[in-house]
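Biologist: Hi! Could you walk me through some helix packing?

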Amino acid sequence: MPGAPGGMPVIAPMPAARPTRIPSQRDGAEDVAAAGTTVDHLTETYRAHYRSLLGLAALLLDDTASCEDVVQEAFIRVHSARKRVRDPEKTLAYLRQTVVNLSRSALRRRILGLKLLSKPMPDMASAEEGAYDQLERDSLIKAMKGLQRRQREVLVLRYFADMTEAQVAETLGISLGSVKAYGSRGIAALRVAMEASA
């Protein structure tokens, strides 16, 4: 199939692989819209917001390879569940929520892996280390890493993804009051961390 040569991941790895699933798109556009977001709309949204989704993952994870994996996996998952996205305007929100959830899962797996290690791994140079070092240079990102998970998620979605408090609440599945509380506590903790590192 075109669009997936040699199985290598590209910006939009899956859309070209399944165009035959929506043969009625031209003949019965109303039926397709009722069934959920279309493959074309999902693909356009993914391509237009790929870099911001990657940046969102980068603020929750700590290496470029994992971020790319998470964003591509988010596209695949939303593609598989696209019929559940009734309102095409919510496609981007659905992608963002999936990126956050997959980042959470990746962090959980890492924590479990670290607990299973009997001793720390020795320092080794790797290809990912260069990207990691670049992120580490920013003192704000260092301070963000010290926040509680939920505080970090709220601040990233609120200020990096430029979501409203209501959108953050919907994305994370928490109340508006919780978003405000996590946000204010997160900002206070960031201020303390930034002053300490100055």
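**Helix packing around α2**

Modeller: Happy to. The axes of α2 and helix α7 (residues 149-160) come within 10 Å of each other and cross at roughly 150°; axes are lines fitted to C-alpha atoms, for helices over the stretch in contact, and angles run from 0 to 180 degrees between N-to-C directions. Helices are DSSP runs (H or I, at least four residues), numbered from the N terminus. This is a predicted model, where local features need pLDDT of at least 70, side-chain atom pairs count only at pLDDT 80 or more, and totals for chains, interfaces and linings use all residues. Residues are numbered from 1 along each chain as its sequence is written, and side-chain values use heavy atoms, with hydrogens and water left out.

Biologist: So how are α2 and α7 oriented to each other?

Modeller: Roughly antiparallel, therefore (the angle is over 145 degrees for that class).

Biologist: Which residues of α2 and α7 make the contact?

Modeller: S52, G55, L56, L59 and L60 of α2, with R152, E153, V156, L157 and F160 of α7 (contact means heavy atoms within 4.5 Å).

Biologist: New topic: what is the angle between α2 and helix α3?

Modeller: About 150°, with the axes of α2 and α3 (residues 64-80) 9 Å apart. α2 and α3 are therefore roughly antiparallel too.

Biologist: And where is the kink in α2 centred?

Modeller: On H49, with a kink of about 60°; the bend is the angle between axes fitted to the seven residues ending there and the seven starting there.

How values were computed:
Helices (H or I, at least four residues) and strands (E, at least two) are DSSP runs, numbered from the N terminus. Angles under 35 degrees count as roughly parallel, over 145 as roughly antiparallel, 65 to 115 as roughly perpendicular and the rest as oblique.
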